[in-house]
Protein chains: 2
Amino acid sequence: MKAYHEMTKEELAEEIKVLRDKYHDFQALDLHLDMSRGKPCKEQLDLSMGMMDILNSDSDLICDDGTDCRNYGVLSGIEEAKVLLGDMMENNPDNIIIYGNSSLNVMFDTVSRAMTHGIMGNTPWCQLDKVKFLCPVPGYDRHFAITEYFGIEMINVPMTPEGPDMDIVEKLVAEDESIKGIWCVPKYSNPQGYSYSTNTVRRFAKLKPAASDFRIFWDNAYGIHHLYPDHHDHILEILAACKRAGNPDLVYKFSSTSKITFPGSGIAALATSRNNLEDIEKQLKIQTIGHDKVNQLRHSRFFGDIHGMVLHMHKHAAILRPKFQAVDQILEEQLGGLGIGEWTKPYGGYFVSFDSLPGCAKEIVSLCKKAGVVMTKAGATFPYGKDPQDSNIRIAPSYPPIDELKTAMRLFTLVVRLVSARKLYSEM
Amino acid sequence: MKAYHEMTKEELAEEIKVLRDKYHDFQALDLHLDMSRGKPCKEQLDLSMGMMDILNSDSDLICDDGTDCRNYGVLSGIEEAKVLLGDMMENNPDNIIIYGNSSLNVMFDTVSRAMTHGIMGNTPWCQLDKVKFLCPVPGYDRHFAITEYFGIEMINVPMTPEGPDMDIVEKLVAEDESIKGIWCVPKYSNPQGYSYSTNTVRRFAKLKPAASDFRIFWDNAYGIHHLYPDHHDHILEILAACKRAGNPDLVYKFSSTSKITFPGSGIAALATSRNNLEDIEKQLKIQTIGHDKVNQLRHSRFFGDIHGMVLHMHKHAAILRPKFQAVDQILEEQLGGLGIGEWTKPYGGYFVSFDSLPGCAKEIVSLCKKAGVVMTKAGATFPYGKDPQDSNIRIAPSYPPIDELKTAMRLFTLVVRLVSARKLYSEM
């Protein structure tokens with residue numbers, strides 16, 4: 001098929017007519033499909049049902065160091081959970097705090113603590129005239145929501161397949177003391193599925209921020225969430241890189257088991273330097289007596305060790321891979337060569353990022369919704385919900401059953417064609 | 001035996017000699033007993049082991065409204081958990097948010113949110129010159145630690161067996177706009193075990209604070225934690241009282257299952273008005289996608305309903321009652337009539353409050369520790385750890401096995417006598 005920009009006005013008019021009819025056919029199907037969030041599907045959840053058998057009334061709920069996990073205490077988490085998540089995060093268990101069920105909550109609390117108490121003796125951010133964060137875009141809406149909630153000014157930094165544009169990052173953090181952080185999803189990024197190159201991570205580790213309380217918020221949400229057995233992205237471990245670069249305190253690294261066991265009922269963790277940990281624990285001991293140790297024990301015993309977790313992730317991959325393949329295949333079949341959209345082909349994570357012609361994303365998402373398919377809101381991948389190009393759309397293939405996913409993607413590609421054709425036609 | 005203040009100098013000298021010898025005998029026992037915290041004992045934890053069987057790999061983890069509890073979502077908690085904790089807290093499920101494992105964390109977050117964002121449109125506390133809290137004393141050290149952490153000035157208000165001195169509370173909140181809150185443990189208070197009278201609760205509900213963002217922090221930690229089958233303290237429900245008094249938004253009420261199932265692995269809840277809930281949810285939806293619904297489901301199904309929980313609490317009472325009775329009996333046997341100490345006789349909760357002669361508490365706790373019995377730190381029951389009288393000591397009978405508890409109490413009473421006798425002798 002001809003690329004749309006090579007079509008004559010008459011050809012485009014005819015294309016629009018055909019597409020509109022097909023769109024009406026979709027509307028008649030009365031679809032109710034949701035592709036808006038990166039939620040695991042039922043089959044993925046079923047993979048962890050064995051975890052419900054790990055502890056029963058005959059179990060010994062004493063952890064390795066003799067602590068009764070049923071009682072109060074152990075602020076930073078039980079040792080076996082630290083070892084397991086340490087192996088998962090490629091960090092020393094001594095550099096880890098195990099939290100409750102949500103790494104998002106840990107990130108929120110980290111920003112909140114910096115607002116009220118500052119970082120390692122620095123002025124609390126709430127006492128500063130201006131606090132700014134760098135936001136690689138497109139990125140994760142819930143990150144941006146935290147900084148927006150605290151009135152932190154967000155500055156867009158373009159993403160590349162190697163990670164954020166480091167020329168810009170280096171320049172901005174070096175010259176502006178009010179820049180206090182940057183949101184990163186370094187591996188299988190949300191939404192593009194890009195993994196930061198070794199060079200990018202090294203440049204992060206070597207940053208020379210003007211602000212001594214600048215921190216990298218390194219959300220390694222998809223560290224072991226590969227899709228293919230024969231291709232695993234690998235990124236340099238950031239804590240080690242920072243330490244080698246003489247910047248040991250530069251990074252907070254977050255992770256969780258949310259997309260490994262049960263989202264919302266897993267365990268979250270933060271890895272950082274001893275200095276940062278001590279700073280954090282001053283607050284943590286006021287905030288809580290400790291997190292859910294029984295659930296820490298349940299997770300530790302369910303996996304046994306990191307190898308158990310890796311084998312478990314193979315099962316997730318087997319469920320997710322056909323879905324990502326279907327998405328790519330339908331995008332290629334329906335849009336390939338038309339010059340009206342580009343999309344990523346990630347090796348892991350939860351998303352495919354789609355870029356339409358400028359000025360089309362909102363309309364695409366809106367028309368999908370009117371035909372019963374809910375996509376992530378256009379603009380959601382940018383701070384303040386504002387995509388300057390109005391072109392990025394996040395596709396989340398994980399949740400719908402594959403037949404529904406295919407239907408949704410057929411509608412999506414149809415709508416992309418319709419909106420693009422109309423736009424090109426209107427500009428003629 | 002003669003009261004100490006009626007003894008001659010010679011009699012006191014002889015008493016001190018005898019007591020010192022006995023103290024040395026205790027030291028020779030090489031004790032290692034801990035009575036410092038209100039932790040349930042092993043037998044109490046065993047009561048909830050059945051909870052570990054409630055969910056297994058054959059279980060349906062779908063809650064009543066059809067939500068799969070294994071996946072993301074449901075910000076304010078699943079309905080059946082709201083109903084259960086609503087019945088426990090005597091509140092409408094619609095007025096409740098179910099949180100994670102720690103009500104202390106909920107209180108911390110509530111203060112933190114008021115600091116950074118203010119309450120219902122009022123100025124964030126961090127932007128005010130001065131923020132003050134009223135602290136009924138003696139009280140709970142972890143409450144005081146939160147307000148101290150946020151730089152909130154704490155003002156002592158004396159406790160009475162009816163609750164805080166309401167003449168003082170009414171006067172202070174009416175005249176000082178910088179007073180933004182008061183910490184309350186209204187039932188079986190920590191450490192005295194007092195329950196607020198109906199009149200006290202009514203006066204709380206009718207408060208006319210100068211600050212529109214003044215809130216009562218009502219930590220109903222021991223709402224169903226009775227010790228005796230035939231005597232249950234009852235307190236007026238504060239949300240309903242506030243609503244009737246035309247002050248619907250005046251109170252945040254906190255509770256959890258920490259001392260019902262497993263401390264640290266239970267579920268916490270906050271009950272408050274719809275206005276306050278909406279204010280809170282604006283933050284909560286940024287902070288997390290939701291709390292641990294699997295654990296909410298586990299708790300709901302384990303108890304079935306509030307009657308199941310009440311029956312469960314009878315079993316706790318049967319374990320705790322003999323311990324509280326032993327404490328009272330040994331205090332009475334060893335100190336009765338000596339005029340050197342007073343203590344409370346609670347009908348529920350986790351503590352007995354002991355008041356020594358002024359100026360003796362620190363020395364008593366120190367000598368206990370030197371003989372191997374760790375008590376709650378003297379002063380801990382007051383803001384900033386400063387007991388102006390140096391006389392209050394919190395006794396926590398729950399954790400030690402009863403034989404150890406008796407040994408610890410014999411040492412404690414011996415030390416009270418020794419320190420008191422020395423003090424009286426030195427003042428002669």
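**Figure 1. Strand 3 of chain A and its neighbour, strand 4.** Strand 3 (residues 132-137) of chain A and strand 4 (residues 153-160) of chain A pair in the parallel sense over six bridges. Strands pair here if DSSP finds at least two bridges between them. Helices (H or I, at least four residues) and strands (E, at least two) are DSSP runs, numbered from the N terminus. A:Val137 sits opposite A:Pro158 in strand 4 of chain A. Between strands 3 and 4 of chain A, the chain runs through helix 6 (residues 141-149) of chain A, and this β-α-β crossover is right-handed. Right-handed means that, with the strands pointing away from the viewer, the path from the first strand over the helix to the second runs clockwise.

This is a predicted model, in which local features need pLDDT of at least 70 and side-chain atom pairs count only at pLDDT 80 or more, while totals for chains, interfaces and linings use all residues. Residues are numbered from 1 along each chain as its sequence is written, and chains are lettered from A and ligands numbered from 1 in the order in which they are written.

**Figure 2. Burial of strand 3 of chain A.** Six of the six residues of strand 3 of chain A are buried, so the strand is largely enclosed by the rest of the structure. A residue counts as buried if 20 or more other C-beta atoms lie within 10 Å of its own, exposed if 12 or fewer, and partly exposed in between; C-beta atoms are placed from the backbone. Both faces of strand 3 of chain A are covered. One side carries A:Lys132, A:Leu134 and A:Pro136. The other carries A:Phe133, A:Cys135 and A:Val137.

Figure 3. Strands 3 and 6 of chain A pair in the parallel sense over three bridges. A:Phe133 faces A:Gly181, and the bridge partner of A:Leu134 is A:Ile182. Strand 6 also pairs with strand 7 (residues 215-219) of chain A, in the parallel sense over four bridges. There, A:Trp183 stands opposite A:Phe217. From strand 6 the chain crosses through helix 8 (residues 198-205) of chain A to strand 7 of chain A, in a right-handed β-α-β crossover.

**Figure 4. The sheet of chain A and its edges.** Eight strands of chain A form an open sheet in the order 2-9-8-7-6-3-4-5, with mixed pairing. Strand 2 (96-98) and strand 5 (163-164) of chain A stand at the edges, each with a single partner strand, so one side of each has no neighbour in the sheet. Strand 2 of chain A pairs with strand 9 (residues 268-271) of chain A in the antiparallel sense over three bridges. A:Ile96 is opposite A:Ala271 in strand 9.

**Figure 5. Backbone exceptions in the loops.** Most residues other than glycine have a negative phi, and most peptide bonds are trans. A:Tyr188 is not a glycine, yet has a positive phi of about 45°. A:Tyr188 lies in the loop between strand 6 and helix 8 of chain A and is buried, with 25 other C-beta atoms within 10 Å. A:Pro191 is in the loop between strand 6 and helix 8 of chain A. The peptide bond from A:Asn190 to A:Pro191 is cis, with omega near 10°. A:Tyr384 also has a positive phi, near 60°. A:Tyr384 is exposed, with 12 other C-beta atoms within 10 Å. In chain B, a cis peptide bond joins B:Val137 and B:Pro138, with omega about -5°. B:Pro138 is in the loop between strand 3 (132-137) and helix 6 of chain B.

**Figure 6. The contact between chains A and B.** Chain A and chain B each give 44 residues to the contact. Residues are in contact if their C-beta atoms, placed from the backbone, lie within 7 Å. On the side of chain B that touches chain A, helix 5 of chain B gives the most, with six residues. Of the interface residues of chain B, 100% are also interface residues in chain A, so the copies meet through the same surface.

**Figure 7. Helix 10 of chain B.** A kink of about 30° is centred on B:Glu281 in helix 10 of chain B. The bend at a residue is the angle between axes fitted to the seven residues ending there and the seven starting there. B:Asn276, B:Asp279, B:Ile280, B:Leu284 and B:Gln287 are buried in this helix. Their cover includes helix 5 (103-117) of chain A, together with strand 2 (96-98) and strand 8 (251-256) of chain B.

Notes. Two residues are in contact if their C-beta atoms, placed from the backbone, lie within 7 Å.
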